Amino acid sequence: MNEADYKELKKGGMMRQAEAGLFSVRLHVVGGRLDTTQLRAIHDAADRFGRGEVHLTSRQGVEIPNVRQDSLSALKEFLSPSGVGVGVCGPTVRTVTACQGCRVCPSGVIDSPELADAADRAFYGKPVPHKFKIGVSGCVNNCMKAEENDAGIKGWIEPRWERGPCTLCGVCAAVCPTKAIATAEDGSLTVDLDLCIGCGDCIVSCPSGGMREARRGYRLFAGGKFGRKPFLGKRILGVLTTKEEAMAAITAVLEFFRAHGKPRERFGDTLERTGFDALERRVKEVTGL
Ligand code: SF4
Ligand code: SF4
Ligand code: SF4
């Protein structure tokens, strides 16, 4: 097979193996969720077209290794009725990852699978200057490592102090993991939202309702990557309170990458050139947030 033909196969999720003539086939698994019908179909496909094994990837995906080149089309057709498609590779938006979010996890602040599905429907496989990964964590425990993604989302709770019910017991400041809560000279409490990591611990711990929830929603991180030169994404914007706002912000981030990114340049490197401020300004302009 010539390199041009292989490039096309690779774009469609067929990865050449070390052993000549064999491919590892990447499947499209959004947020690591598969129903039992799909699992059975993958099981049967691995038996029929591979060597009876699958590989679970670091981004919640499934790959079927040891598939012969002349079986690739048949494998795709076999999986199609179950709704399992093949993945993508190359300079495209990759499958969106997500934790189980607030519908399952007691710590969840946002419905991670709901946002992941919406983002995947809108962006999956779309061309960009270099690979682009989106990951959604339902809360700041951050099981999906938002900062390792080109665009990462975390569920976030923003606190607000109210003098009336506060007894100045000091519990909130004591539990805050980032020392974001301080006492001013006049005895009032301040919350430094730059230090705040949105965990909500101060609200849960407050015995009198003096620390309240100002808003909860989605916090966007941009420019993260792993691999050879890891870089943690930085948070931009404030708390986005609806799924629609989160989608608008991710859309604006992708448009920024298309406008400013160079071929084979990861988004974090683009932002190093343009400055994160430029992205934040643009996202604000586009979304009106
Ligand atoms: S990130 Fe939060 S909501 Fe998601 S699984 Fe982890 S603890 Fe639960
Ligand atoms: S939400 Fe968490 S990080 Fe923010 S002020 Fe409260 S305890 Fe501190
Ligand atoms: S925990 Fe509640 S009552 Fe105690 S200082 Fe903080 S806001 Fe006030």
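I start with a term: a residue is near a molecule or strand if one of its heavy atoms lies within 4 Å of it. By that rule, ligand 2 is surrounded by Pro159, Cys176, Pro177, Thr178, Ala180, Ile181, Val191, Cys196, Ile197, Cys199, Gly200 and Cys202.

Two housekeeping points on what you are looking at. This is a predicted model, in which local features need pLDDT of at least 70 and side-chain atom pairs count only at pLDDT 80 or more, while totals for chains, interfaces and linings use all residues. Residues are numbered from 1 along each chain as its sequence is written, chains are lettered from A and ligands numbered from 1 in the order in which they are written, and side-chain values use heavy atoms, with hydrogens and water left out.

Back to ligand 2. For residue classes, Ala, Val, Leu, Ile, Met, Phe, Trp, Tyr, Cys and Pro count as nonpolar, Asp, Glu, Lys and Arg as charged, and the others, Gly among them, as polar. The shell of ligand 2 then has 10 nonpolar residues, two polar and no charged.

Where does ligand 2 sit? Ligand 2 is in the largest cavity. A cavity here is a set of points, on a 1 Å grid over the protein atoms alone, where a 1.4 Å probe fits but cannot get out. To sit in one, a molecule needs more than half of its atoms within 2 Å of the grid points.

Ligand 3 takes up the space of the second largest cavity. There are 14 residues around ligand 3, and those that come nearest are Cys166, Cys169, Cys172, Cys206 and Ser208. By class, the shell of ligand 3 has 10 nonpolar, four polar and no charged residues.

Around ligand 1 we find Cys99, Cys105, Ser107, Gly108, Gly138, Cys139, Asn141, Asn142 and Cys143. Four of the residues around ligand 1 are nonpolar, five are polar and none is charged.

Now the chain as a whole. The C-alpha trace spans about 75 × 40 × 30 Å along its principal axes. Of the 289 residues, 47% are buried; buried means under 20% relative accessible area, exposed means over 50%, and partly exposed is in between, with a 1.4 Å probe and protein chains only. The chain exposes about 14400 Å², of which carbon and sulfur atoms supply 50%; the areas come from the Shrake-Rupley method with a 1.4 Å probe. Contact means heavy atoms within 4.5 Å. Among contacts between residues at least 6 apart in sequence, 64% join residues at least 24 apart.

Ile42 counts as buried because its relative accessible area is 4%. Not counting residues up to four places away in sequence, Ile42 touches Leu27, Leu34, Val54, Val62, Ile64, Leu79 and Val84.

Asn66 is in strand S4 (residues 62-68). Is Asn66 buried or exposed? Asn66 is at 12% relative accessibility, so it counts as buried. Leaving aside neighbours within four places in sequence, the contacts of Asn66 are Gln17, Leu22, Phe23, Phe49, Gly50, Arg51 and Glu53.

The loop between strand S7 (134-137) and strand S8 (151-161) contains Lys145. Lys145 has a positive phi of about 55° although it is not a glycine. Most residues other than glycine have a negative phi. Lys145 is partly exposed, at 44% relative accessibility.

Glu147 is also found in the loop between S7 and S8. Glu147 counts as buried because its relative accessibility is 16%. Beyond four places in sequence, the residues that Glu147 touches include Asn142, and Asn142 is also one of the residues around ligand 1.

Leu237, in strand S12 (residues 234-240), has a positive phi of about 60° and is not a glycine either. Leu237 is buried, at 7%.

Last, Ala249 in helix H7 (residues 243-260). Ala249 is at 0% relative accessibility, so it counts as buried. Apart from neighbours within four places in sequence, Ala249 is in contact with Leu220, Leu237, Leu240, Val283 and Thr287. Between the C-alpha atoms of Ala249 and Gly187, 62 residues apart in sequence, the distance is 38 Å.

How values were computed
On a 1 Å grid over the protein atoms alone, a cavity is a set of points where a 1.4 Å probe fits but cannot get out, and a pocket is an open set with protein on both sides within 12 Å along at least five of seven lines; lining residues have an atom within 4 Å of a point. Helices (H or I, at least four residues) and strands (E, at least two) are DSSP runs, numbered from the N terminus.
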